[in-house]
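Please read these notes with the model open beside you. Take the points in order and find each element as it comes up.

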Amino acid sequence: MAPEQKNGTGSGGTTRQEAAVKVPSKDPKKKDEKKDEDLSEEDLALKQQLELYVERVQDPDPGLQRVALESMRHEIRTSTSSMTSVPKPLKFLRPHYGALKAYFETMTDSDLKRLLADVLSVLALTMSAEGERESLKYRLLGSEGDIGSWGHEYVRNLAGEIGQEYTKRQNEEAPIDDLMDLVQQIVEFHMKHNAEPEAVDLLMEVEDLDLLVEHVDRTNYKRTCLYLTAAAKFLPGPDDMLVLDIAYTIYMKFEEYASALQIALSLDNLQYVNQIFTSCDDLLQKKQFCYILARQGVPFVLDDNMVLDDNDREQLQDIINNAKLSEGYLNLARDIEVMEPKSPEDIYKAHLLDGRASAGATVDSARQNLAATFVNAFVNAGFGQDKLMTVSPETSSGGSSGNWLFKNKEHGKASAAASLGMILLWDVDSGLAQIDKYFHSNDNHVIAGALLGVGIVNCHVKNDCDPALALLGDYVDKEDPSIRIGAIMGLGITYANTQNETIRGKLTPILGDTKSPLDVIAFTAISLGLVYVGSCNEEVAQAIIFALMDRNEAELGEPLTRLLPLGLGLLYLGKQDSVDATAEVSKTFNEKIRKYCDMTLLSCAYAGTGNVLKVQSLLGHCAQHLDKGETHQGPAVLGIAMVAMAEELGLEMAIRSLEHLLQYGEQNIRRAVPLALGLLRISNPKVNVMDTLSRLSHDSDSEVAMAAIISLGLIGAGTNNARIAGMLRNLSSYYYKDPNSLFCVRIAQGLVHLGKGLLTLNPYHSDRFLLSPMALAGLVTMLHACLDMKAIILGKYHYVLYFLVLAMQPRMLMTVDENLKPLSVPVRVGQAVDVVGQAGRPKTITGFQTHSTPVLLAAGDRAELATEKYIPLSPILEGFVILKENPDYREDH
């Protein structure tokens, strides 16, 4: 008891002395007394206790020093207060921080000095001046203890200081080994305490993500990888690739192959895909991989190492080749009961309008019939039957089909014949059989359309006997330009993203041929760009560059010439720096096309990367006010959309920037803005964009209005959105006297009802994680053509609209059993919620409804199984998903 009292009086004495010393300055006695009165009894006791320890630490007797330090340490460690206030011991020790620091400097090197360093390091948490990094300094001088015991806040503070210190030392090229030891400890602490994002952030700061792989375990690898993949979108290159690489390694370590495959595809790394197929032994899982590859459109060939049994391999290869896509799509259509073919009149719904508009529509003009051809093709895409082109068995006298074809004029017949390919989309056998009759026509335009139709039927579907090449190959070198374009475009659509050498051999000579007309050369460049999309193939690039250099002044002014730089850009789609050499070459072009080429190459190379600096540079080009003749700002505006579409945040910002361009930009910029908005929100009608486009669709400049109308179709593509459908109906009565605008309205109406609402044009899939290069290439080609509506879409090249077929995919979730037969199970479909870095197991969807599969997924929707009976083999429920029975499932009776 006695020593306690002595303690008490001792400490009381010190406070009194201190107060006495400080009197001269503005009489703080009252203040001091008041401050002491505010504290409760126990706080006061604690304060005095701690002040005694501070004295004892400076005692010459090492024994007393040690006891005092241990007690002080104990007090600090046991006092975890709420997050919002500073813990009591730290608060009371603040005034003594300076004294302890000064004393520390005088101590000799010993265990005691290290113990004091530990305490100072914690005190520095609240005391140290900004940028001093004292907490870290004393930590490195302190004992090699467990840092976690000082509390979470302390560890986070240390991690922050390590980041700054690391950067400083890197610049001075000083050694960093002591820091790295500390990093090891901190990462271990974070990973154990569910703070994976903080561990990842620290390792990114010190550029040593490889450490992560040894610290993840079964419990936290999914959350770690989720954070890594989400962070990759916001990192500058090449860090983004590195982060995804680590995520891939972690997934492989835990045999989470399907997720690893998503990352391998995101990195566009086919060696990883090989590795996944060879590492995984489960045949069912491999079937699921094949579905994922097919959706991304990767031309992948399996060999003996990946799948041993020949029959199995053939079955898997069929899945990759999308041979069953048509069947799955028609199953979905039957299930939703939309098999009944629709005619264009069902889409126009003219009876809902007042009198004047419907009166003009009865005239059978070629332009109206051409529009109806496209509407019919878009709406019945992939259903295999319609009311205009396919002959129903009853009228087998050959009446209806022939008739519709000949209600179109010259080049209109080409689009009409090709529309048959769209209606029979993905169904190669019956498609080729039905198109065959057009090959015997004596009208060149019909043959051209049939060739294009063959290309469209084979889109996304690969076949071992290559029917498209066999049929189209001979027509590439015919006399008639329209036939050549049909064959060339057909080959480009069928073999998109296959890098097929035979096609290169057939098409590159055309580019160098001086006798070839300009339009044939332009479409050849696009087709080569599609076949070699994102491959950076030098020979193709050379051929297109030479073709560009051979053009004379007059040709460079032609709208179609602009497809040449686009073909070149597609070769580098999403490949970032690889475009630099070609971009240098483009600076030597004729000044008429130099800037246009520059913008196109830049926007293609960084498409889907979200690179902020590139968006800024493109915006800079759009900000200049130039003469009327300049055309390069159009692709720059589209480029902003192409680069920024990678993630939601950048996308929102791009939409805001485009609003500014509308207000301040010149005409040629305003014409491109609606198209850029259409690309940003493709198949995803959001009200803000819808309203902007609706406003622009009545613009005084007809080009702006037409672009806005087409874009309304793009943002509503395949959604059956009632609001857009209503807007377009009103526009059709507003523009009933203007055939060009009316044509655009019709096209947009067809797009909104794309595949009767079962298809999407969105190039992103798998929870917006993967970007399909061929889909983006198809969209960008069509948008570039729309930059000059009058010359291309409204001229005689309206069939560029068929490039959209590259982006058409069923927006479905189709669950199949182990024999790949459709299997109906309950699923919950709702808005996807971003759960990256959230604590616990948050819900991934909100506002869900329960349906039984197959179901449609709108943009931003996510599905999850509503039953425990099956386990999905894919982490993301989209497209075809194989379910296997859950062995642990017990039915509750």
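1. Start with burial. The protein chain has 893 residues, and buried residues make up 56% of them. Keep in mind that this is a predicted model.

2. Next, the overall build. The chain holds 45 helices and 11 strands. Its C-alpha atoms fill a box of roughly 120 × 70 × 55 Å, taken along the principal axes.

3. Now look at how the chain meets itself. Take the contacts between residues at least 6 apart in sequence. Of these, 71% join residues at least 24 apart.

4. Two helix pairs deserve a look. In general, a packed pair is described by the angle between the two axes and the distance between them. Find helix α14, residues 239–253, and helix α16, residues 270–279. They pack at an angle of about 5°, and their axes are 12 Å apart. Angles under 35 degrees count as roughly parallel, and α14 and α16 are therefore roughly parallel to each other.

5. Which residues of α14 and α16 meet? From α14 come D245, Y248 and M252. From α16 come Y272, Q275, I276 and S279. By class, the residues of this contact divide into four nonpolar, two polar and one charged.

6. The second pair is helix α37, residues 633–644, with helix α39, residues 667–680. Their axes come within 8 Å and cross at roughly 20°. That angle makes α37 roughly parallel to α39. The crossing of α37 and α39 is right-handed.

7. Go through the contact of α37 with α39 residue by residue. On the α37 side are Q633, G634, V637, L638, A641, M642 and A644. On the α39 side are N668, I669, A672, V673, L675, A676, L679 and L680. How many charged residues does the contact of α37 with α39 have? It has no charged residues; 12 are nonpolar and three are polar.

8. Strand β6 covers residues 826–832, and six bridges join β6 to β7. The strands β6 and β7 run antiparallel.

9. Another open sheet has four strands, in the order β8-β5-β11-β10. Its pairing is mixed. The edge strands here are β8 (855–856) and β10 (870–872), and each pairs on one side only.

10. Are β5 and β11 parallel or antiparallel? Strand β5, residues 812–816, and strand β11, residues 879–885, pair in the parallel sense. Four bridges hold the count for this pairing. As a landmark, T815 stands opposite V881 in β11.

11. Finish with the helices that lie across this four-stranded sheet's members. Helix α17, residues 283–296, lies across β5 and β11. Helix α17 runs at about 170° to β11. Helix α19, residues 325–336, lies across β5, β8 and β11. Helix α19 runs at about 105° to β5.

Note on methods:
Residues are numbered from 1 along each chain as its sequence is written. This is a predicted model: local features need pLDDT of at least 70, side-chain atom pairs count only at pLDDT 80 or more; totals for chains, interfaces and linings use all residues. Side-chain values use heavy atoms; hydrogens and water are left out. Two strands pair if DSSP finds at least two bridges between them. Helices (H or I, at least four residues) and strands (E, at least two) are DSSP runs, numbered from the N terminus. Axes are lines fitted to C-alpha atoms, for helices over the stretch in contact, and angles run from 0 to 180 degrees between N-to-C directions. Angles under 35 degrees count as roughly parallel, over 145 as roughly antiparallel, 65 to 115 as roughly perpendicular and the rest as oblique. Contact means heavy atoms within 4.5 Å. Ala, Val, Leu, Ile, Met, Phe, Trp, Tyr, Cys and Pro count as nonpolar, Asp, Glu, Lys and Arg as charged, and the others, Gly among them, as polar. A crossing is left-handed if the near helix is turned anticlockwise from the far one by less than a right angle, and right-handed if clockwise. Buried means under 20% relative accessible area, exposed over 50%, partly exposed in between (1.4 Å probe, protein chains only).
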